[in-house]
Amino acid sequence: MRLRTTAAVLVGALALVLPTAGPSLADDHGDRALGTLNYRYVNDDDVEENGQIRPADNQTCYVLTRTSRDRPAVAVQNNTRSRAHLFDNRSCSGEEVATLRPDGRVNRVRVVSVYFTPVNGNDDGRGDWNNGGDQGRGDQGRDDQAGDDQAREDQGREDQGRGDQGRDDEAREDQGREDQGRGDQGRDDEAREDQAREDQAREDQAREDQAREDQGRGDQAREDQGRGDQARDDEEEEEDLLERVFRALG
């Protein structure tokens with residue numbers, strides 16, 4: 001019984017002495033602290049608050065208090081004497097979000113954990129590539145960054161070119177529709193003019209026909225009038241003749 005008790009005490013003591021793997025929570029370590037890492041995070045009410053950790057050791061991953069993938073830190077200020085490698089997960093794994101030298105600052109990020117390395121020591125293969133970082137990866141880092149910048153610039157020009165081309169195509173399409181509209185309007189105007197001329201011709205023809213008809217009726221009336229006058233003259237002459245005959249006989 002005493003042996004089992006002694007073994008349990010020994011195991012507990014070893015657990016307190018041996019370091020544990022995985023991310024750590026950064027508490028106040030007094031004189032051992034590397035300094036303070038200040039940050040701003042979004043709380044459960046979607047309100048930004050200030051937070052800080054006081055890391056004790058380099059070559060250690062620390063989770064930023066009250067942060068998660070859904071509620072990350074959005075701004076970080078490195079007030080430690082070490083280089084801070086920022087990550088968007090709790091295990092300091094994958095690609096770094098940013099690397100900050102002492103007194104470096106970065107905004108508009110999503111940070112959940114941080115890994116510290118000595119400024120003049122081994123970086124454990126974690127190079128710098130973003131705001132506030134040193135030359136961790138040397139000339140290769142500069143070349144990669146320049147290549148990324150060039151690629152973004154080329155992409156911007158390409159997008160600009162596509163936008164300009166799209167606007168030109170739209171302008172030509174609008175011009176085509178406008179020209180088509182003017183063409184249609186011109187054809188409509190010409191059709192209306194042709195119809196007006198045709199209507200005018202029919203109206204003139206109708207007036208001319210009416211005039212000829214009126215002229216014909218006038219001529220006919222005059223002819224009829226002439227025949228009537230002739231008949232009366234003949235009748236009068238016949239009456240005069242008969243009268244002269246009766247007077248001669250009488």
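This is a predicted model: local features need pLDDT of at least 70, side-chain atom pairs count only at pLDDT 80 or more; totals for chains, interfaces and linings use all residues.
## A tour of the chain

**Colour by secondary structure.** Follow the sequence and the pattern reads α-β-β-β-β-β-β-β-β-β-α.

**Colour by pLDDT.** The chain's mean is 76, with 69% of residues at 70 or more. Select helix 1, residues 2-17: among the elements, its mean pLDDT is the lowest, at 40. Now jump to strand 6, residues 82-87, which has the highest mean, 97.

**Select residues 1-22.** Here pLDDT stays under 50, and the model has 1 contact beyond four places in sequence. Next, select residues 123-147. pLDDT stays under 50 here too, but this stretch has 47 such contacts.

**Show the aromatic side chains.** How many aromatic pairs does a search of the whole structure find? It finds 2. Zoom in on Tyr39 and Tyr41. Their ring centres are 6.1 Å apart and their planes meet at 50 degrees, so this pair is tilted. Tyr39 and Tyr41 are both buried.

Move on to Tyr62 and Phe116. This pair is edge-to-face, with 5.8 Å from centre to centre and 65 degrees between the planes. Which strands does the pair link? Tyr62 sits in strand 4 (residues 60-63) and Phe116 in strand 9 (residues 113-118). The two residues are 54 apart, so the pair links distant parts of the chain. Tyr62 and Phe116 are both buried.

**Last stop: contacts across the chain.** Take contacts between residues at least 6 apart in sequence: 62% of them join residues at least 24 apart.

Technical notes
Residues are numbered from 1 along each chain as its sequence is written. Side-chain values use heavy atoms; hydrogens and water are left out. pLDDT is the predictor's confidence in each residue, from 0 to 100. Helices (H or I, at least four residues) and strands (E, at least two) are DSSP runs, numbered from the N terminus. Contact means heavy atoms within 4.5 Å. Rings of Phe, Tyr and Trp (its six-membered ring) pair if their centres lie within 6.5 Å; planes under 30 degrees apart count as stacked, over 60 as edge-to-face and the rest as tilted. Buried means under 20% relative accessible area, exposed over 50%, partly exposed in between (1.4 Å probe, protein chains only).
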